[in-house]
Amino acid sequence: MPVSAAYHPEPLFAALGPSWSDPVKSAAFPKTVLRHRDQDAAGTVGLETLTEAEWIGHFGRFEPLPSQPGPIAMRYHGHQFRTYNPDLGDGRGFLAAQMRDNQGRLMDLGTKGSGQTPWSRQGDGRLTLKGGVREVLAASFLESLGVPTCRILSLIETGEALERGDEPSPTRSAVLVRLSHSHIRFGTFQRSAYFGRTDQLEVMMEHARSLYHPAVPRGDAPAFLAAVIEASAALTAGWIAAGFVHGVLNTDNLNVTGESFDYGPWRFLPHYDPAFTAAYFDSTGLYAFARQPEAVFWNLTQLAGCLKMICSSEAEAARLAEALNGFGPAYIRHLRAAFLSRLGVLSLGEAADQRLLDATLALLRDKGADLGWEPLFFDWFCGFSSAARALGGPRGQLYQGEVFDAFRFALLEHEPDRPERLEHRMFAAAQPETLLIDEVETIWAAIDQSDDWGPFQAKLTRLRSAREAWSF
(Lines give C-alpha, C1' and ligand atoms only; values in the text may rest on other atoms or scores of the structure.)
Protein backbone atom coordinates (compact mmCIF):
# COMPACT_ATOMS: atom_id res chain seq x y z
CA MET A 1 0.00 0.00 0.00
CA PRO A 2 1.75 3.21 -1.12
CA VAL A 3 0.01 5.48 1.37
CA SER A 4 -0.88 4.94 5.02
CA ALA A 5 -4.31 4.70 6.62
CA ALA A 6 -3.87 8.35 7.65
CA TYR A 7 -4.08 9.47 4.01
CA HIS A 8 -7.43 11.20 3.41
CA PRO A 9 -7.68 12.67 -0.10
CA GLU A 10 -10.10 15.54 -0.67
CA PRO A 11 -9.40 17.43 -3.93
CA LEU A 12 -11.93 20.19 -3.35
CA PHE A 13 -10.33 22.94 -5.42
CA ALA A 14 -10.41 20.81 -8.57
CA ALA A 15 -14.08 20.13 -7.86
CA LEU A 16 -14.85 23.83 -8.27
CA GLY A 17 -14.57 23.34 -12.02
CA PRO A 18 -12.74 24.84 -15.00
CA SER A 19 -13.33 28.49 -14.06
CA TRP A 20 -10.58 28.25 -11.47
CA SER A 21 -7.86 26.08 -12.93
CA ASP A 22 -6.49 24.27 -15.97
CA PRO A 23 -5.40 20.62 -16.17
CA VAL A 24 -1.67 20.41 -16.90
CA LYS A 25 1.13 17.89 -17.18
CA SER A 26 4.47 17.94 -15.48
CA ALA A 27 7.63 18.39 -17.49
CA ALA A 28 9.53 15.20 -18.30
CA PHE A 29 12.84 15.57 -16.50
CA PRO A 30 16.13 13.96 -17.60
CA LYS A 31 16.74 12.62 -14.11
CA THR A 32 15.14 12.59 -10.67
CA VAL A 33 17.50 12.57 -7.69
CA LEU A 34 15.89 12.95 -4.28
CA ARG A 35 17.67 15.68 -2.31
CA HIS A 36 15.24 16.43 0.51
CA ARG A 37 12.31 14.56 2.03
CA ASP A 38 10.48 15.92 5.06
CA GLN A 39 9.34 12.70 6.68
CA ASP A 40 7.69 14.50 9.60
CA ALA A 41 5.56 16.60 7.25
CA ALA A 42 4.75 13.51 5.18
CA GLY A 43 3.50 11.77 8.31
CA THR A 44 0.91 14.49 8.94
CA VAL A 45 -0.88 13.62 5.68
CA GLY A 46 -0.31 9.86 5.46
CA LEU A 47 2.54 9.85 2.95
CA GLU A 48 5.33 8.68 5.24
CA THR A 49 5.06 5.06 4.03
CA LEU A 50 6.00 5.85 0.42
CA THR A 51 9.16 4.10 -0.75
CA GLU A 52 11.81 6.26 -2.38
CA ALA A 53 10.74 5.00 -5.80
CA GLU A 54 7.10 5.81 -5.07
CA TRP A 55 8.10 9.20 -3.69
CA ILE A 56 9.99 10.06 -6.87
CA GLY A 57 7.11 8.78 -8.96
CA HIS A 58 4.63 11.08 -7.21
CA PHE A 59 6.86 14.11 -6.63
CA GLY A 60 9.36 13.89 -9.49
CA ARG A 61 7.17 12.56 -12.32
CA PHE A 62 3.89 13.60 -10.66
CA GLU A 63 1.99 10.41 -11.08
CA PRO A 64 -1.30 11.21 -9.29
CA LEU A 65 -1.69 10.08 -5.71
CA PRO A 66 -4.70 7.83 -5.01
CA SER A 67 -8.08 9.54 -5.58
CA GLN A 68 -6.47 12.73 -6.89
CA PRO A 69 -7.51 14.14 -10.29
CA GLY A 70 -4.03 15.05 -11.46
CA PRO A 71 -2.19 18.40 -11.62
CA ILE A 72 -4.09 21.66 -12.13
CA ALA A 73 -2.65 25.13 -12.64
CA MET A 74 -4.54 27.61 -10.51
CA ARG A 75 -5.80 30.85 -12.09
CA TYR A 76 -5.27 34.20 -10.40
CA HIS A 77 -4.23 37.79 -11.02
CA GLY A 78 -2.28 40.14 -8.79
CA HIS A 79 -0.54 43.39 -8.09
CA GLN A 80 3.22 43.06 -8.57
CA PHE A 81 5.00 45.93 -6.84
CA ARG A 82 1.58 47.63 -6.92
CA THR A 83 1.16 47.32 -10.69
CA TYR A 84 -1.81 45.19 -11.68
CA ASN A 85 -1.00 42.15 -13.81
CA PRO A 86 -3.91 40.21 -15.37
CA ASP A 87 -1.57 37.63 -16.93
CA LEU A 88 -0.59 35.74 -13.81
CA GLY A 89 -1.49 32.24 -12.66
CA ASP A 90 0.53 29.14 -11.85
CA GLY A 91 3.34 29.61 -14.36
CA ARG A 92 5.89 27.13 -13.06
CA GLY A 93 3.90 25.18 -10.55
CA PHE A 94 0.55 23.53 -9.99
CA LEU A 95 -1.73 22.09 -7.35
CA ALA A 96 -0.78 18.42 -7.27
CA ALA A 97 -3.14 17.14 -4.58
CA GLN A 98 -5.28 18.01 -1.56
CA MET A 99 -5.79 15.95 1.55
CA ARG A 100 -6.66 16.26 5.23
CA ASP A 101 -3.88 16.33 7.80
CA ASN A 102 -3.84 14.78 11.24
CA GLN A 103 -5.58 17.88 12.64
CA GLY A 104 -8.41 17.64 10.10
CA ARG A 105 -7.19 20.65 8.09
CA LEU A 106 -7.36 20.62 4.31
CA MET A 107 -3.80 20.76 2.99
CA ASP A 108 -2.37 21.40 -0.48
CA LEU A 109 0.57 19.87 -2.25
CA GLY A 110 1.80 22.68 -4.46
CA THR A 111 4.78 22.51 -6.78
CA LYS A 112 7.47 24.86 -8.03
CA GLY A 113 9.62 24.13 -11.06
CA SER A 114 7.31 21.46 -12.47
CA GLY A 115 7.17 22.84 -16.02
CA GLN A 116 5.26 25.19 -18.25
CA THR A 117 1.53 25.87 -17.96
CA PRO A 118 -0.89 28.14 -19.83
CA TRP A 119 0.28 30.92 -17.47
CA SER A 120 4.05 30.64 -17.97
CA ARG A 121 4.33 33.92 -19.93
CA GLN A 122 7.40 32.84 -21.96
CA GLY A 123 9.10 31.42 -18.87
CA ASP A 124 10.60 27.94 -18.85
CA GLY A 125 8.56 26.79 -15.86
CA ARG A 126 11.67 25.56 -14.07
CA LEU A 127 13.29 26.13 -10.67
CA THR A 128 17.00 26.35 -9.98
CA LEU A 129 18.39 23.86 -7.50
CA LYS A 130 19.82 26.78 -5.54
CA GLY A 131 16.35 28.32 -5.36
CA GLY A 132 14.97 25.03 -4.06
CA VAL A 133 17.68 24.73 -1.42
CA ARG A 134 16.96 28.29 -0.29
CA GLU A 135 13.23 27.53 0.01
CA VAL A 136 13.89 24.48 2.20
CA LEU A 137 16.15 26.52 4.48
CA ALA A 138 13.78 29.49 4.77
CA ALA A 139 10.73 27.37 5.59
CA SER A 140 12.69 25.25 8.08
CA PHE A 141 14.07 28.25 9.98
CA LEU A 142 10.70 30.03 10.09
CA GLU A 143 9.07 26.84 11.33
CA SER A 144 11.68 26.58 14.10
CA LEU A 145 10.81 30.15 15.16
CA GLY A 146 7.08 29.46 15.30
CA VAL A 147 6.14 31.55 12.25
CA PRO A 148 3.16 30.24 10.23
CA THR A 149 4.76 28.73 7.14
CA CYS A 150 4.41 26.08 4.50
CA ARG A 151 6.75 23.10 4.79
CA ILE A 152 8.89 21.94 1.89
CA LEU A 153 7.85 18.31 1.57
CA SER A 154 10.20 17.33 -1.24
CA LEU A 155 13.11 18.61 -3.31
CA ILE A 156 14.24 16.58 -6.32
CA GLU A 157 17.10 17.50 -8.64
CA THR A 158 15.98 17.20 -12.25
CA GLY A 159 19.13 17.20 -14.36
CA GLU A 160 18.59 20.22 -16.59
CA ALA A 161 21.06 23.07 -17.16
CA LEU A 162 19.19 26.35 -16.71
CA GLU A 163 20.15 29.77 -17.96
CA ARG A 164 19.42 32.62 -15.60
CA GLY A 165 20.32 36.28 -15.89
CA ASP A 166 20.71 36.89 -12.15
CA GLU A 167 23.06 34.04 -11.18
CA PRO A 168 25.95 32.11 -12.73
CA SER A 169 24.69 29.93 -15.57
CA PRO A 170 24.16 27.26 -16.59
CA THR A 171 22.90 26.19 -13.20
CA ARG A 172 21.31 23.02 -11.86
CA SER A 173 17.55 22.48 -11.79
CA ALA A 174 15.04 21.07 -9.33
CA VAL A 175 11.37 20.61 -8.59
CA LEU A 176 9.94 21.10 -5.12
CA VAL A 177 6.65 20.25 -3.46
CA ARG A 178 5.36 22.35 -0.59
CA LEU A 179 2.76 21.27 1.95
CA SER A 180 0.62 24.33 2.59
CA HIS A 181 -2.66 25.23 4.22
CA SER A 182 -4.23 26.73 1.06
CA HIS A 183 -2.90 28.32 -2.11
CA ILE A 184 -5.96 30.56 -2.46
CA ARG A 185 -4.39 33.96 -2.89
CA PHE A 186 -5.73 37.47 -2.65
CA GLY A 187 -5.11 37.42 -6.39
CA THR A 188 -7.58 34.56 -6.78
CA PHE A 189 -10.33 37.00 -5.81
CA GLN A 190 -8.80 39.75 -7.93
CA ARG A 191 -9.17 37.70 -11.09
CA SER A 192 -12.92 37.27 -10.60
CA ALA A 193 -13.29 40.96 -9.73
CA TYR A 194 -11.34 41.95 -12.84
CA PHE A 195 -13.85 40.12 -15.02
CA GLY A 196 -16.82 41.43 -13.02
CA ARG A 197 -17.81 37.92 -11.98
CA THR A 198 -19.64 38.50 -8.74
CA ASP A 199 -20.97 34.96 -8.97
CA GLN A 200 -17.42 33.63 -8.87
CA LEU A 201 -16.53 35.90 -5.98
CA GLU A 202 -19.43 34.48 -3.99
CA VAL A 203 -18.39 30.92 -4.83
CA MET A 204 -14.76 31.49 -3.85
CA MET A 205 -15.61 33.30 -0.64
CA GLU A 206 -17.89 30.46 0.42
CA HIS A 207 -15.28 27.88 -0.55
CA ALA A 208 -12.56 29.65 1.47
CA ARG A 209 -14.85 30.52 4.36
CA SER A 210 -16.16 27.00 4.86
CA LEU A 211 -12.72 25.38 4.67
CA TYR A 212 -10.42 27.88 6.38
CA HIS A 213 -12.59 30.23 8.45
CA PRO A 214 -15.67 28.15 9.35
CA ALA A 215 -16.57 30.38 12.31
CA VAL A 216 -17.48 33.12 9.84
CA PRO A 217 -21.21 33.15 9.01
CA ARG A 218 -22.09 32.09 5.49
CA GLY A 219 -22.25 35.02 3.07
CA ASP A 220 -20.70 37.51 5.51
CA ALA A 221 -18.00 39.20 3.43
CA PRO A 222 -16.88 41.67 6.14
CA ALA A 223 -16.52 38.89 8.69
CA PHE A 224 -14.55 36.84 6.18
CA LEU A 225 -12.26 39.80 5.52
CA ALA A 226 -11.82 40.30 9.26
CA ALA A 227 -10.74 36.66 9.64
CA VAL A 228 -8.18 37.02 6.84
CA ILE A 229 -6.96 40.28 8.40
CA GLU A 230 -6.48 38.61 11.77
CA ALA A 231 -4.47 35.76 10.22
CA SER A 232 -2.43 38.18 8.09
CA ALA A 233 -1.66 40.39 11.08
CA ALA A 234 -0.39 37.38 13.03
CA LEU A 235 1.80 36.33 10.10
CA THR A 236 3.27 39.80 9.64
CA ALA A 237 4.05 40.08 13.35
CA GLY A 238 5.76 36.71 13.17
CA TRP A 239 7.99 37.90 10.33
CA ILE A 240 9.00 41.02 12.26
CA ALA A 241 9.78 39.13 15.47
CA ALA A 242 11.85 36.66 13.45
CA GLY A 243 13.74 39.47 11.70
CA PHE A 244 12.53 38.07 8.39
CA VAL A 245 12.15 39.93 5.09
CA HIS A 246 9.94 38.12 2.60
CA GLY A 247 11.11 40.20 -0.32
CA VAL A 248 8.13 40.06 -2.69
CA LEU A 249 4.83 40.84 -0.97
CA ASN A 250 2.63 40.96 -4.05
CA THR A 251 -1.06 40.08 -3.83
CA ASP A 252 -0.39 36.69 -5.42
CA ASN A 253 2.06 35.87 -2.60
CA LEU A 254 -0.41 36.26 0.27
CA ASN A 255 -3.10 33.70 0.96
CA VAL A 256 -6.35 33.60 2.91
CA THR A 257 -4.98 31.45 5.74
CA GLY A 258 -2.14 33.75 6.76
CA GLU A 259 0.58 31.24 6.05
CA SER A 260 3.91 32.23 4.54
CA PHE A 261 4.91 30.54 1.27
CA ASP A 262 6.81 31.01 -1.99
CA TYR A 263 10.24 32.04 -0.75
CA GLY A 264 12.15 33.87 -3.46
CA PRO A 265 14.61 36.65 -2.51
CA TRP A 266 14.15 36.35 1.26
CA ARG A 267 16.65 37.42 3.92
CA PHE A 268 16.96 37.38 7.70
CA LEU A 269 18.23 40.57 9.31
CA PRO A 270 21.88 40.54 10.33
CA HIS A 271 20.97 43.35 12.74
CA TYR A 272 18.21 45.90 13.27
CA ASP A 273 17.71 47.83 10.02
CA PRO A 274 14.23 49.10 9.11
CA ALA A 275 15.28 49.79 5.50
CA PHE A 276 16.78 46.34 4.87
CA THR A 277 15.52 44.81 1.61
CA ALA A 278 15.76 41.24 0.36
CA ALA A 279 15.27 41.69 -3.39
CA TYR A 280 17.96 43.37 -5.47
CA PHE A 281 15.21 44.66 -7.78
CA ASP A 282 13.30 46.38 -4.93
CA SER A 283 14.97 49.68 -5.73
CA THR A 284 12.47 51.82 -3.80
CA GLY A 285 12.43 49.66 -0.67
CA LEU A 286 8.71 48.98 -1.08
CA TYR A 287 9.02 45.65 0.72
CA ALA A 288 11.76 46.60 3.17
CA PHE A 289 11.76 45.00 6.62
CA ALA A 290 9.85 47.73 8.46
CA ARG A 291 7.46 48.34 5.56
CA GLN A 292 6.10 44.79 5.54
CA PRO A 293 3.06 45.65 7.71
CA GLU A 294 2.25 48.50 5.32
CA ALA A 295 2.61 46.15 2.34
CA VAL A 296 0.33 43.52 3.84
CA PHE A 297 -2.27 46.13 4.73
CA TRP A 298 -2.19 47.54 1.17
CA ASN A 299 -2.77 44.06 -0.19
CA LEU A 300 -5.66 43.54 2.21
CA THR A 301 -7.28 46.70 0.86
CA GLN A 302 -7.18 45.12 -2.60
CA LEU A 303 -8.96 42.05 -1.26
CA ALA A 304 -11.51 44.30 0.42
CA GLY A 305 -12.16 46.01 -2.91
CA CYS A 306 -12.99 42.65 -4.44
CA LEU A 307 -15.31 41.68 -1.59
CA LYS A 308 -17.09 45.03 -1.81
CA MET A 309 -18.50 43.87 -5.12
CA ILE A 310 -20.60 41.23 -3.35
CA CYS A 311 -21.82 43.38 -0.47
CA SER A 312 -25.59 43.70 -0.53
CA SER A 313 -25.83 47.11 1.13
CA GLU A 314 -23.88 50.24 1.98
CA ALA A 315 -23.95 49.18 5.61
CA GLU A 316 -22.27 45.90 4.74
CA ALA A 317 -19.66 47.72 2.64
CA ALA A 318 -18.99 50.02 5.59
CA ARG A 319 -18.24 46.96 7.69
CA LEU A 320 -15.45 46.12 5.25
CA ALA A 321 -13.84 49.47 6.08
CA GLU A 322 -14.26 48.74 9.78
CA ALA A 323 -12.54 45.40 9.28
CA LEU A 324 -9.63 47.09 7.51
CA ASN A 325 -9.33 49.57 10.37
CA GLY A 326 -8.79 46.59 12.63
CA PHE A 327 -5.53 45.56 10.98
CA GLY A 328 -3.36 48.05 12.89
CA PRO A 329 -4.58 47.10 16.38
CA ALA A 330 -4.47 43.39 15.49
CA TYR A 331 -0.92 43.69 14.19
CA ILE A 332 0.30 45.47 17.34
CA ARG A 333 -1.45 42.91 19.53
CA HIS A 334 0.15 40.03 17.64
CA LEU A 335 3.52 41.81 17.61
CA ARG A 336 3.51 42.08 21.40
CA ALA A 337 2.62 38.39 21.63
CA ALA A 338 5.30 37.42 19.09
CA PHE A 339 8.05 39.29 20.96
CA LEU A 340 6.95 37.82 24.28
CA SER A 341 7.05 34.37 22.70
CA ARG A 342 10.51 34.96 21.28
CA LEU A 343 11.71 36.13 24.70
CA GLY A 344 10.02 33.18 26.39
CA VAL A 345 8.03 35.17 28.93
CA LEU A 346 4.39 35.40 29.94
CA SER A 347 2.06 38.29 29.28
CA LEU A 348 1.56 40.78 32.09
CA GLY A 349 -1.07 42.88 30.36
CA GLU A 350 -1.10 45.32 27.49
CA ALA A 351 0.83 48.16 29.12
CA ALA A 352 3.68 46.03 30.49
CA ASP A 353 3.88 43.97 27.31
CA GLN A 354 4.13 47.14 25.22
CA ARG A 355 6.92 48.43 27.46
CA LEU A 356 8.85 45.24 26.83
CA LEU A 357 8.26 45.41 23.08
CA ASP A 358 9.43 49.03 22.94
CA ALA A 359 12.45 48.35 25.13
CA THR A 360 13.46 45.32 23.06
CA LEU A 361 13.33 47.26 19.81
CA ALA A 362 15.24 50.13 21.40
CA LEU A 363 18.00 47.78 22.54
CA LEU A 364 18.21 46.13 19.11
CA ARG A 365 18.48 49.59 17.57
CA ASP A 366 21.00 50.87 20.10
CA LYS A 367 23.43 47.96 19.90
CA GLY A 368 23.06 47.57 16.14
CA ALA A 369 25.60 45.42 14.32
CA ASP A 370 27.51 44.69 17.54
CA LEU A 371 24.60 42.65 18.87
CA GLY A 372 22.77 41.47 15.77
CA TRP A 373 19.13 40.42 15.77
CA GLU A 374 18.91 36.78 16.76
CA PRO A 375 21.45 36.78 19.63
CA LEU A 376 19.29 38.97 21.89
CA PHE A 377 16.43 36.48 21.88
CA PHE A 378 18.84 33.60 22.39
CA ASP A 379 20.68 35.25 25.28
CA TRP A 380 17.58 36.39 27.17
CA PHE A 381 15.18 33.53 26.43
CA CYS A 382 12.92 32.93 29.44
CA GLY A 383 13.80 36.33 30.82
CA PHE A 384 15.86 36.55 33.94
CA SER A 385 16.19 32.77 34.10
CA SER A 386 18.91 33.44 31.49
CA ALA A 387 20.56 36.41 33.21
CA ALA A 388 23.73 34.60 34.29
CA ARG A 389 24.04 32.92 30.90
CA ALA A 390 23.55 36.18 29.00
CA LEU A 391 25.81 38.37 31.15
CA GLY A 392 28.54 35.74 31.26
CA GLY A 393 28.35 34.95 27.56
CA PRO A 394 30.23 36.35 24.57
CA ARG A 395 27.94 39.39 24.36
CA GLY A 396 27.85 40.13 28.05
CA GLN A 397 29.75 43.41 27.72
CA LEU A 398 27.02 44.77 25.43
CA TYR A 399 24.38 44.44 28.13
CA GLN A 400 24.97 47.70 29.94
CA GLY A 401 23.89 51.32 29.70
CA GLU A 402 20.57 53.15 29.99
CA VAL A 403 18.90 51.46 27.01
CA PHE A 404 19.78 48.03 28.38
CA ASP A 405 18.57 49.03 31.83
CA ALA A 406 15.15 49.90 30.38
CA PHE A 407 15.06 46.51 28.68
CA ARG A 408 16.17 44.74 31.85
CA PHE A 409 13.49 46.40 34.00
CA ALA A 410 10.78 45.66 31.43
CA LEU A 411 11.92 42.04 31.18
CA LEU A 412 12.09 41.65 34.96
CA GLU A 413 8.35 42.39 35.16
CA HIS A 414 7.54 39.27 33.16
CA GLU A 415 7.59 35.71 34.48
CA PRO A 416 9.41 33.08 32.39
CA ASP A 417 7.27 30.76 30.27
CA ARG A 418 8.31 27.10 30.70
CA PRO A 419 11.88 27.86 31.81
CA GLU A 420 12.64 24.14 31.67
CA ARG A 421 13.20 24.71 27.96
CA LEU A 422 16.56 26.21 28.88
CA GLU A 423 17.74 22.69 29.70
CA HIS A 424 17.89 21.92 25.99
CA ARG A 425 21.45 21.48 24.73
CA MET A 426 21.03 24.39 22.28
CA PHE A 427 21.17 26.88 25.13
CA ALA A 428 24.54 25.53 26.25
CA ALA A 429 26.04 26.85 23.02
CA ALA A 430 27.66 30.26 22.80
CA GLN A 431 25.95 31.25 19.58
CA PRO A 432 22.34 31.01 18.40
CA GLU A 433 21.17 29.28 15.27
CA THR A 434 20.88 31.88 12.51
CA LEU A 435 20.36 31.86 8.76
CA LEU A 436 22.21 34.82 7.31
CA ILE A 437 23.04 35.09 3.63
CA ASP A 438 26.74 34.22 4.03
CA GLU A 439 25.86 30.84 5.54
CA VAL A 440 23.29 30.17 2.83
CA GLU A 441 25.91 30.89 0.17
CA THR A 442 28.42 28.62 1.92
CA ILE A 443 25.88 25.78 2.02
CA TRP A 444 25.16 26.26 -1.67
CA ALA A 445 28.85 26.48 -2.60
CA ALA A 446 29.46 23.02 -1.12
CA ILE A 447 26.65 21.62 -3.26
CA ASP A 448 27.58 23.54 -6.38
CA GLN A 449 31.33 22.93 -6.31
CA SER A 450 31.61 19.38 -4.98
CA ASP A 451 28.05 18.03 -4.69
CA ASP A 452 28.54 17.99 -0.94
CA TRP A 453 25.14 17.93 0.76
CA GLY A 454 26.63 17.49 4.22
CA PRO A 455 26.41 21.16 5.29
CA PHE A 456 22.80 21.36 4.04
CA GLN A 457 21.75 18.25 5.96
CA ALA A 458 23.67 19.36 9.05
CA LYS A 459 21.89 22.71 8.99
CA LEU A 460 18.47 21.06 8.75
CA THR A 461 19.39 18.81 11.68
CA ARG A 462 20.33 21.86 13.75
CA LEU A 463 17.09 23.62 12.77
CA ARG A 464 15.07 20.62 13.89
CA SER A 465 16.93 20.77 17.19
CA ALA A 466 16.24 24.51 17.45
CA ARG A 467 12.55 23.87 16.87
CA GLU A 468 12.59 21.43 19.80
CA ALA A 469 14.47 23.93 21.96
CA TRP A 470 12.23 26.93 21.30
CA SER A 471 9.05 24.78 21.45
CA PHE A 472 6.83 27.61 20.27
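Tutor: Let's begin with a pair of helices: the crossing of α10 and α13 is left-handed. Keep in mind that this is a predicted model.

Student: Why are α10 and α13 called roughly antiparallel to each other?
Tutor: Helix α10 (residues 350-371) and helix α13 (residues 402-412) pack at an angle of about 150 degrees. Angles over 145 degrees count as roughly antiparallel, and α10 and α13 are therefore given that name. Their axes are 9 Å apart.

Student: Which residues of α10 and α13 meet?
Tutor: On the α10 side they include Arg355, Leu356, Ala359 and Leu363. On the α13 side, Val403, Phe404, Phe407 and Leu411 are among them.

Student: How do you know what span is expected for α7?
Tutor: Helix α7 (residues 292-308) has 17 residues, and the expectation uses 1.5 Å a residue, giving 24 Å. From its first C-alpha to its last, α7 reaches 24 Å, which is close to that expectation. Some residues of α7 are also buried, including Pro293, Val296, Leu300 and Leu307.

Student: How does the reach of α3 compare with its expected span?
Tutor: Helix α3 (residues 129-144) has 16 residues and reaches 23 Å, close to the 22 Å expected.

Student: What makes α3 largely enclosed by the rest of the structure?
Tutor: Here we count buried residues, where buried means under 20% relative accessible area. In α3, 15 of the 16 residues are buried, so the helix is largely enclosed. Just after α3 comes Gly146, with a positive phi of about 80 degrees.

Student: What makes β1 and β7 a pair?
Tutor: Strand β1 (residues 8-9) and β7 share two bridges in the antiparallel sense. The requirement is at least two, so β1 and β7 meet it. In this pairing, His8 stands opposite Arg100 in β7.

Student: Why is Ala6 called partly exposed?
Tutor: Ala6, in the segment before β1, has 36% relative accessibility. Buried would be under 20% and exposed over 50%, so Ala6 falls in between and counts as partly exposed. Ala6 touches Val45, Gly46 and Arg100, leaving aside residues up to four places away in sequence. Ala6 and Arg100 are 94 residues apart along the chain, with 8.7 Å separating their C-alpha atoms.

Student: Why is Gly344 called buried?
Tutor: Gly344 has a relative accessible area of 1%, and the cut-off is under 20%, so Gly344 is buried. Gly344 lies in the loop between α9 (327-343) and α10. Not counting residues up to four places away in sequence, Gly344 touches Phe381, Cys382, Pro416, Asp417 and Arg421.

Student: How do you know whether Phe62 is buried or exposed?
Tutor: Its relative accessible area is 7%, and under 20% means buried, so Phe62 is buried. Phe62 sits in the loop between α2 (52-59) and β4 (72-74). Phe62 also has a positive phi of about 60 degrees although it is not a glycine.

Student: What makes the peptide bond from Ser169 to Pro170 cis?
Tutor: Look at omega: for the bond from Ser169 to Pro170, omega is near 0 degrees, and the bond is cis. Pro170 is in the loop between β10 (151-162) and β11 (171-180).

Methods. Residues numbered from 1 in each chain as written. Predicted model: local features only at pLDDT ≥ 70, side-chain atom pairs only at ≥ 80, totals over all residues. Heavy atoms only, no water. Helix = DSSP H or I, 4+ residues; strand = E, 2+ residues; numbered from the N terminus. Buried < 20%, exposed > 50% of the residue type's maximum accessible area, 1.4 Å probe, protein only. Expected span 1.5 Å × (residues − 1). Axes fitted to C-alpha atoms, helices over the stretch in contact; angles between N-to-C directions. Parallel < 35°, antiparallel > 145°, perpendicular 65-115°, else oblique. Left-handed = near helix turned anticlockwise from the far one by under 90°. Contact = heavy atoms within 4.5 Å.
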